[in-house]
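Please open the model in a viewer and keep a selection panel at hand.

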Amino acid sequence: MSQVTVRINGFSYAVGCKEGQEKHLQAMAQEVERRIERIRELGGHSGEGRLLALAALLMADEIHDLTAEKMSSDTAHQLAQGRQARIENERRREQLAHLVERAENIADALEED
């Protein structure tokens with residue numbers, strides 16, 4: 001287990017992480033810091049707890065949007081697969097109908113003989 005010191009909103013925090021994840025953790029801290037800066041630019045000059053809560057809400061909103069996009073993309077993919085399956089089923093029905101017709105013609109021909 002590794003320990004990394006991240007800096008968020010002017011404060012340092014010692015955070016534990018798995019070996020090799022130090023840079024990732026630093027990058028995540030920078031993402032939080034970016035959102036705090038965005039809140040400040042919008043005029044949000046309040047306490048540290050409020051800034052962190054608003055940054056967390058911004059990140060949660062972004063995760064929600066990404067999840068919704070992924071679900072929408074997955075749904076579109078499933079719909080396309082469903083359409084393709086219906087097309088394939090229709091093609092098979094047509095082939096089966098053709099085979100049934102041929103079998104009936106053969107049966108009719110055999111009955112005539």
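Is Asn 105 buried, partly exposed or exposed? Asn 105 is partly exposed, because its relative accessible area is 45%; buried means under 20%, exposed over 50%, and partly exposed in between, with a 1.4 Å probe and protein chains only. This is a predicted model, in which local features need pLDDT of at least 70 and side-chain atom pairs count only at pLDDT 80 or more, while totals for chains, interfaces and linings use all residues. Residues are numbered from 1 along each chain as its sequence is written, and side-chain values use heavy atoms, with hydrogens and water left out.

**The whole chain**

Display the protein chain as a cartoon. The secondary structure consists of 2 helices and 2 strands, where helices (H or I, at least four residues) and strands (E, at least two) are DSSP runs numbered from the N terminus. In sequence order the pattern is β-β-α-α. The radius of gyration of the protein chain is 31 Å, well over the 13 Å that the globule rule gives for 113 residues, so the chain is more spread out than a compact globule. That radius is taken over C-alpha atoms, and the globule rule is 2.2 Å times the number of residues to the power 0.38. Of the 113 residues in the protein chain, 13% are buried.

**Between the strands**

Select Asn 9, in the loop between strand E1 (2-8) and strand E2 (11-17). Asn 9 has a positive phi of about 55 degrees although it is not a glycine. Most residues other than glycine have a negative phi. At 10% relative accessibility, Asn 9 counts as buried.

Next, show side chains. The structure holds 8 salt bridges, each being a side-chain nitrogen of Lys or Arg within 4 Å of a carboxyl oxygen of Asp or Glu.

Select Arg 35 and Glu 62, which form a salt bridge with their closest N and O atoms 2.4 Å apart. Arg 35 lies in helix H1 (residues 22-41) and Glu 62 in helix H2, so this pair ties together parts that are 27 residues apart in sequence. Arg 35 is buried, with a relative accessible area of 6%, whereas Glu 62 is partly exposed at 25%.

Since Arg 38 lies in helix H1 and Glu 62 in helix H2, the pair ties together parts that are 24 residues apart in sequence. Arg 38 counts as partly exposed, at 34% relative accessibility. Salt bridges that share partners join Glu 31, Arg 34, Arg 35, Arg 38 and Glu 62 into one network.

Now select Glu 37 and Arg 40, whose side chains meet in a salt bridge of 2.8 Å, N to O. Being 3 residues apart in helix H1, these two are separated by about one helical turn. Both partners are partly exposed: Glu 37 has a relative accessibility of 33%, and Arg 40 has one of 26%.

**Along helix H2**

Move to Ala 80, which lies in helix H2 and is partly exposed at 35% relative accessibility. Ala 80 and Ala 14 are 66 residues apart in sequence and 48 Å apart in space, C-alpha to C-alpha.

Then select Leu 96, Leu 99 and Val 100, which make a nonpolar surface patch of about 270 Å². Patches are made of residues with over 30% relative accessible area and no salt bridge; like charges are joined within 9 Å, and nonpolar side chains (Val, Leu, Ile, Met, Phe, Trp, Tyr) within 5 Å. Accessible areas come from the Shrake-Rupley method with a 1.4 Å probe. Leu 99 is placed in helix H2 and is partly exposed, with a relative accessible area of 48%.

Return to Asn 105, which is also found in helix H2. The C-alpha atoms of Asn 105 and Arg 38, 67 residues apart along the chain, are separated by 77 Å.

For the last stop, select Glu 101, Glu 104, Asp 108, Glu 111 and Glu 112, which form a negative surface patch. Here Asp and Glu count as negative, and the place of a charge is taken as CG of Asp or CD of Glu. Asp 108 belongs to helix H2 (residues 48-112) and is partly exposed, with a relative accessible area of 40%.
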